[in-house]
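Work through the exercises below with the structure open beside the text. Each task is followed by a solution in steps.

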Amino acid sequence: MIARIYVPGDSGALALGAEKVAIAIEKELADRGIEAKIVRNGSRGAYFLEPMVEVATEKGRVAYGPVQPSEVKSLFDSGFLTGGHHKRWLGAPDKIPFLARQTRLTFARCGVINPLSLDHYKAHGGLKGLQNAVAIAPAEIVKQVTESGLRGRGGAGFPTGIKWKTVLDTTADKKYIVCNADEGDSATFADRMIMEGDPFVLIEGMAIAGVATGATKGFVYIRSEYPHAVAMMQKAVEAARKAGLLGLNVLGSPNAFDMEIRVGAGAYVCGEETSLLNSLEGKRGVVRAKPPLPAIQGLFGKPTVINNVISLASVPVIMDKGAAFYKDFGMGRSRGTIPIQIAGNVRYGGLFEAAFGMTLGEIVDDIGGGTATGRPVKAVQVGGPLGAYFPRSLFDTPFDYEAFAAKDGLIGHAGITVFDDSADMLKQARFAMEFCAIESCGKCTPCRIGSTRGVETIDKIARGIEPEKQIELVTDLCNTMKFGSLCALGGFTPYPVMSAINHFRDDFKPAPVAEAAE
Amino acid sequence: MIMQPASTEIASRTAAIVQELKGLEGPLLPILHGIQEEFGHVPQDALPVIAEALNISKAEVHGVVTFYHDYRSHPAGRHVLKLCQAEACQSMGSDAVAAKLKQLLGIGFHETARDGSVTLEPVYCLGLCACAPSAMLDGEVIGRLDDEKLDEIVAEVRS
């Protein structure tokens with residue numbers, strides 16, 4: 001048997017030196033005259049262990065990590081091809097506590113299979129969902145997705161099945177499926193990981209959406225900051241076409257569905273669905289007023305399903321194992337699993353897919369292991385740049401759409417950034433306003449002007465100019481932005497700003513003269 | 001010194017790109033990406049060619065080009081270094097990393113070194129948030145930036 005060695009080709013692993021490790025392994029194989037196949041898998045998401053190399057042995061896979069290129073020689077010396085002991089030895093990857101504690105439904109194959117092998121994909125349960133879908137009526141597919149309780153994983157949490165039903169019920173000569181892969185929120189990388197580690201699951205999810213709604217064309221709009229994901233998706237779409245997964249007869253059924261990969265151009269606001277549609281049409285990525293809903297008049301004025309990567313990638317498992325299976329996970333109105341991305345100043349950073357309901361404290365302290373710097377956790381921002389900063393006193397909040405909303409926060413795309421006690425929350429509030437000003441599409445006044453006025457006002461607080469009055473002004477401004485903005489960019493920027501002010505008031509008090517703010 | 005192609009040459013090379021891509025649904029962004037790949041920026045002389053081929057006004061094309069951060073009006077340096085400045089990287093000291101890099105390279109954000117070696121740009125998230133602070137050098141990703149890695153980057157862009 002030829003040995004199989006897995007070295008992730010995932011961007012996160014590459015950023016930590018996976019390419020050099022792969023080259024070192026190739027060289028070592030050649031020097032020792034060993035025949036082996038190097039598979040470039042995705043990442044399993046335990047980034048504190050990347051680059052994590054795995055070998056397939058008779059007793060299953062054995063992982064080693066984090067492996068540095070200089071350690072490759074000693075790995076061979078220790079007999080790692082048969083699972084030999086080495087200081088980087090981690091044992092069976094699925095027994096690593098960070099991974100063993102997860103419930104992997106959407107990410108079941110990510111990091112396990114060769115991302116571009118349809119055979120691997122099928123051997124690990126792939127395509128069963130689509131096979132089931134083409135065998136039943138479109139309304140039945142929509143019913144199952146609705147019953148699963150799946151809600152938009154992009155951040156808005158809108159029930160996916162209801163969106164699909166609207167598109168199914170709207171008659172038109174052409175309908176579209178658009179995948180929002182403009183994952184611009186800091187602390188989020190779940191979309192990137194799926195596209196790089198299991199691209200066929202997204203293609204399968206989009207094909208199911210097409211069959212369910214009568215849409216024949218799909219677009220994946222990927223941000224330009226993700227060149228590896230773009231390349232991987234393009235290759236996967238080509239392979240899917242060749243295999244008859246896409247085309248005039250999806251899996252031999254009478255349903256036609258094909259798709260294209262499109263690349264964004266560095267505008268954060270294009271993650272907003274209507275702005276993304278304008279961008280796809282070749283226009284400025286300006287937000288559209290709703291109604292009309294994209295489900296009725298979306299891309300090129302046609303009924304359009306627009307869903308986040310993770311929403312679409314969660315559909316195959318629902319269609320494979322049934323709505324009841326998926327719905328069984330979770331709490332309240334948040335059903336199924338959510339890929340939580342633990343990032344920033346954290347000891348064990350990475351992707352943690354779990355059923356809804358874990359508390360924020362469990363995620364940050366137990367799973368994340370506290371800060372990377374070893375200092376106390378001061379704040380965690382949940383939901384990206386538009387999410388609220390949570391203090392330790394709110395760590396009992398369960399990870400659930402409604403529970404976070406009740407604490408004036410949001411789950412968003414489920415990214416969590418951990419900050420230690422050196423964080424200056426006034427600076428973070430200012431950055432939220434500044435980011436909104438940089439990225440505003442300019443269409444509505446509260447966002448376009450409010451964000452700039454917000455930066456100026458927070459600067460006055462920093463300089464100690466009537467701070468109490470300025471805080472009142474910022475609060476009023478946030479109220480206007482929240483209720484007067486056209487989309488979530490201006491509408492949600494108040495979350496980080498007001499949470500910083502409300503939970504970390506000390507940081508907004510005038511600095512003693514000796515250490516005046518920057 | 002980076003040589004600029006003559007305007008007639010820009011027009012003909014633009015026309016070829018437009019011809020290849022204009023059959024797409026919503027072809028403008030793919031066309032602009034193609035042009036930027038060809039010239040390293042989106043030259044003014046390309047705009048009328050695109051406008052005519054797509055039957056839209058030059059102002060509309062200009063509006064789209066200027067909306068997106070990615071499209072450059074001037075060529076970048078030989079290397080492009082994008083440094084993440086978003087929250088997850090902030091939590092790991094990206095401010096200090098930026099300050100150090102600016103000092104080492106002698107340029108600020110959105111600037112190109114006088115010898116044309118490198119352009120430094122801020123970027124808001126590379127999706128490498130669990131290995132912050134991060135950067136992208138000519139499309140290659142780099143995580144957990146530290147002094148040693150910064151020195152390597154500087155040596156590479158200057159070589």
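The exercises that follow concern a predicted model.

**Exercise 1. A helix with a buried side**

Task: Find which residues of helix 2 of chain A are buried, and decide where they sit around the helix axis.

Solution. 
- Step 1. Locate the helix: helix 2 of chain A runs over residues 18-32 and has 15 residues. From first C-alpha to last, helix 2 of chain A reaches 21 Å, close to the 21 Å expected at 1.5 Å a residue.
- Step 2. List the buried residues, taking as buried a residue with 20 or more other C-beta atoms within 10 Å of its own. In helix 2 of chain A these are A:A18, A:V21, A:A22, A:A24 and A:I25.
- Step 3. As background, an α-helix has 3.6 residues a turn, so residues three or four places apart point the same way.
- Step 4. Turn to the face directed away from the buried side: A:A30 and A:D31 are exposed there.
- Step 5. Ask what covers the buried residues. The cover includes strand 1 (3-6), helix 1 (11-15), strand 2 (36-39), strand 3 (53-57) and helix 3 (72-77) of chain A.
- Step 6. Look just past the end of the helix, where A:G33 takes a positive phi of about 65°.

**Exercise 2. The largest nonpolar core**

Task: Which residues touch the most other members of the largest nonpolar core?

Solution. 
- Step 1. The core has 219 residues, and A:V178 and A:C179 touch the most other members.
- Step 2. Helix 10 (residues 199-213) of chain A gives the largest share of this core, ten residues.
- Step 3. Take A:C179 and leave out neighbours within four places in sequence. Its contacts include A:L202, A:M206, A:F219, A:Y221 and A:L312.

**Exercise 3. Chain B and its contact with chain A**

Task: Describe how chain B is built, and which of its elements supply residues to the side that touches chain A.

Solution. 
- Step 1. Chain B has seven helices and five strands, in the order α-α-α-α-β-α-α-β-β-β-β-α along the sequence.
- Step 2. Chain B is divided into domain 1 (7-67) and domain 2 (79-158), with C-alpha centres 30 Å apart.
- Step 3. Of the 159 residues of chain B, 40% count as buried.
- Step 4. At the interface, 34 residues of chain B are in contact with 47 residues of chain A. Helix 2 (28-39), helix 4 (58-67), helix 5 (87-90) and strand 5 (140-142) of chain B each supply at least two residues of that side of chain B.
- Step 5. Sorted by kind, the residues on this side of chain B are 21 nonpolar, nine polar and four charged.

Notes:
Residues numbered from 1 in each chain as written. Chains lettered and ligands numbered in written order. Predicted model: local features only at pLDDT ≥ 70, side-chain atom pairs only at ≥ 80, totals over all residues. Core = buried A, V, L, I, M, F, W, Y, C linked by C-beta atoms within 7 Å. Buried ≥ 20, exposed ≤ 12 C-beta atoms within 10 Å, placed from the backbone. Helix = DSSP H or I, 4+ residues; strand = E, 2+ residues; numbered from the N terminus. Contact = placed C-beta atoms within 7 Å. Nonpolar A, V, L, I, M, F, W, Y, C, P; charged D, E, K, R; others polar. Expected span 1.5 Å × (residues − 1). Arc of directions from axis to C-beta. Domains from an automatic or database assignment.
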